[in-house]
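Please read the report below alongside the sequence and the model.

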Amino acid sequence: MSTNKPQPLAVITGGASGIGLGAVKRFLKEGYEVLSLDANKEAGDKSINDLKSDTYKLNFTHCDITSHSQIESIFNALLEEKRPAKVLINCAGISPALNPLHEYSVDEWLRTIDINLHGTFYACREFLKLATAMNIEEGAIVNVASIMGTRASAAQASYGASKHAVVGLTKSIAQDYATMNIRANAIGPGVIDTPMNTELMKDENVMQYLLQRVPMKRVASADEVANLIYFLASSEASYITGSYYPIDGGYLAS
Ligand SMILES: NC(=O)c1ccc[n+]([C@@H]2O[C@H](COP(=O)([O-])OP(=O)(O)OC[C@H]3O[C@@H](n4cnc5c(N)ncnc54)[C@H](O)[C@@H]3O)[C@@H](O)[C@H]2O)c1
């Protein structure tokens, strides 16, 4: 029986690779239309090609999450089409080179905060503007922070600062939009097998050091992280907002 109801829309930043791509696949499988946003055009075009199907509705827009005007015009276009987004997943992010603070370049600091924090803010802001303008009945944001969203690791000051701030931003959004039934949660992945970690995972010594600290003694796949993202965005998590969920094989508990 056809209900003519449009598929719900999920906007996923960083959707061309790693955890974001895992989330894209999961939301498509669950019957969502997905708008994937990413600075990597080649990988975004490849994802469109790889995931082409009669049932999947995937669009890719090449953009830089640090450009507020680009993000604003993407969401303004949705408003013009009267197309509300039900879900926003923020995965776009970078992990800069490791350096103690006195050796940090100011440019690298600013770039990390700009992508990981300001980019997340811009996408949340525009999603919430669209949601309020269209008076949506329910919505969900899942922001991908990190285990570095609640603890610190040596030589990762800008990354840790950006991810702590993403957790704080998420908690604030949860307060402001709770009565509108728009939920916001953050997740804290540990070590995940994605292109971000390709080089790191080639180094046996580093991996041995890292895995010593992971009770499950393995890294996770992007699909495992996408499972948590999907759960938090779904109505199964209807009373969960303002929370932070590590997904780290037991790392933070040890
Ligand atoms: N991989 C891990 O171990 C791990 C652990 C904790 C947290 N995270 C977080 O998960 C998120 C996804 O990381 P991943 O591991 O999938 O890495 P990834 O490199 O595979 O994917 C990140 C995506 O973000 C995109 N991106 C980067 N800068 C952008 C910009 N300015 N505008 C638009 N898109 C941009 C990249 O093009 C890429 O497609 C990041 O926020 C990262 O900090 C990853």
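The report starts with the basis of the model and then takes up the sheet.

This is a predicted model: local features need pLDDT of at least 70, side-chain atom pairs count only at pLDDT 80 or more, and totals for chains, interfaces and linings use all residues. Residues are numbered from 1 along each chain as its sequence is written.

## The sheet

Helices (H or I, at least four residues) and strands (E, at least two) are DSSP runs, numbered from the N terminus. An open sheet is built from 7 strands in the order E3-E2-E1-E4-E5-E6-E9, with parallel pairing. Its edge strands are E3 (57-62) and E9 (244-247), and each pairs on one side only. Two strands pair if DSSP finds at least two bridges between them. On average, neighbouring strands of this sheet are turned by 15° against each other, direction ignored. Axes here are lines fitted to C-alpha atoms, for helices over the stretch in contact, and angles run from 0 to 180 degrees between N-to-C directions.

Strand E6 (residues 182-189) has partners on two sides. E5 and E6 run parallel and are joined by 6 bridges. Asparagine 143 stands opposite alanine 186 in E6. E6 also pairs with E9 in the parallel sense, over 4 bridges. There, proline 189 stands opposite isoleucine 247 in E9.

How many of the residues of E6 are buried? The count is 8 of the 8, so E6 is largely enclosed by the rest of the structure. A residue is buried if 20 or more other C-beta atoms lie within 10 Å of its own, exposed if 12 or fewer, and partly exposed in between; C-beta atoms are placed from the backbone. Both faces of E6 are covered. One side holds Ile182, Ala184, Ala186 and Gly188, and the other holds Arg183, Asn185, Ile187 and Pro189, all of them buried.

## Helices on the sheet

Helix H1 lies across E1 (9-13), E2 (33-38), E3, E4 (87-90), E5 (139-144) and E6. H1 runs at about 170° to E1. Helix H2 (residues 41-50) packs on the sheet and touches E2 and E3. The direction of H2 makes about 170° with that of E3. Contact means that the C-beta atoms of two residues, placed from the backbone, lie within 7 Å.

Serine 47 is found in H2. It is buried, with 23 other C-beta atoms within 10 Å. Not counting residues up to four places away in sequence, serine 47 touches Ala16, Leu21, Val24, Ser36 and Phe60.

## The nonpolar core

The largest nonpolar core has 62 residues. Such a core is a set of buried Ala, Val, Leu, Ile, Met, Phe, Trp, Tyr and Cys residues joined through C-beta atoms within 7 Å. Ala10, Ile89, Phe127 and Ile229 have the most contacts inside it. Helix H4 (residues 106-133) gives the most to this core, with 9 residues. Leaving aside neighbours within four places in sequence, phenylalanine 127 is in contact with Val11, Phe75, Ala85, Leu88 and Ile141.

## The ligand shell

Which residues come nearest to the ligand? Of the 29 around it, they are Gly14, Ser17, Gly18, Gly93 and Met196. A residue is near a molecule if its C-beta atom, placed from the backbone, lies within 6 Å of it. Helices H1 (18-29) and H4 are the elements that give two or more residues to the shell. H1 gives the most, with 3 residues. The shell divides into 15 nonpolar, 12 polar and 2 charged residues. Ala, Val, Leu, Ile, Met, Phe, Trp, Tyr, Cys and Pro count as nonpolar, Asp, Glu, Lys and Arg as charged, and the others, Gly among them, as polar.

## Single residues

Glycine 139 sits in E5. It counts as buried, with 24 C-beta neighbours inside 10 Å. Its contacts, leaving aside neighbours within four places in sequence, are Lys86, Val87, Ala131 and Ile182.

Finally, two C-alpha to C-alpha distances. Glycine 139 and lysine 202 are 63 residues apart in sequence and 39 Å apart in space. Serine 47 and alanine 85 are 38 residues apart in sequence and 21 Å apart in space.
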